Amino acid sequence: MPKTINGKRRESRKLECIEVLELQAQGFTHHQIADRTTVSKLNVAKILCKWKVM
């Protein structure tokens, strides 16, 4: 889960979800998406699963 400046965990924002979905639509793997964004591989998978894109 992404962290704030203070190191506290926070929910992924809508913009991060949109970015993950766009990158997946372009053919990037979970690992590549995680490397390009602030979202972990696990949360990339959760976002894609939630939106049924896997």
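Select Cys17, Val20, Leu21 and Gln24 in helix H1, then Val44, Ile47 and Leu48 in helix H3: these two groups meet, with contact meaning heavy atoms within 4.5 Å. Of the residues in this H1–H3 contact, 6 are nonpolar, 1 is polar and none is charged. (Ala, Val, Leu, Ile, Met, Phe, Trp, Tyr, Cys and Pro count as nonpolar; Asp, Glu, Lys and Arg as charged; the others, Gly among them, as polar.) Helices here are DSSP runs of H or I, at least four residues, numbered from the N terminus.

This is a predicted model: local features need pLDDT of at least 70, side-chain atom pairs count only at pLDDT 80 or more, and totals for chains, interfaces and linings use all residues. Residues are numbered from 1 along each chain as its sequence is written, and side-chain values use heavy atoms, leaving out hydrogens and water.

Next, show Cys17, Val20, Leu23, Phe28, Ile33, Ala34, Val39, Val44, Ile47 and Leu48. They form the largest nonpolar core, 10 residues in all. Such a core is a set of buried Ala, Val, Leu, Ile, Met, Phe, Trp, Tyr and Cys residues joined through side-chain atoms within 4.5 Å. H1, H2 and H3 each supply at least two of its residues.

Now click isoleucine 33. Beyond its neighbours within four places in sequence, isoleucine 33 touches Val20, Leu23, Gln24, Phe28 and Val44.

Last stop: threonine 37, in the loop between H2 (30-36) and H3 (41-50). Is threonine 37 buried or exposed? At 13% relative accessibility, threonine 37 is buried (under 20% relative accessible area; exposed is over 50%, partly exposed in between; 1.4 Å probe, protein chains only). Leaving aside neighbours within four places in sequence, threonine 37 contacts Glu19 and Leu23.
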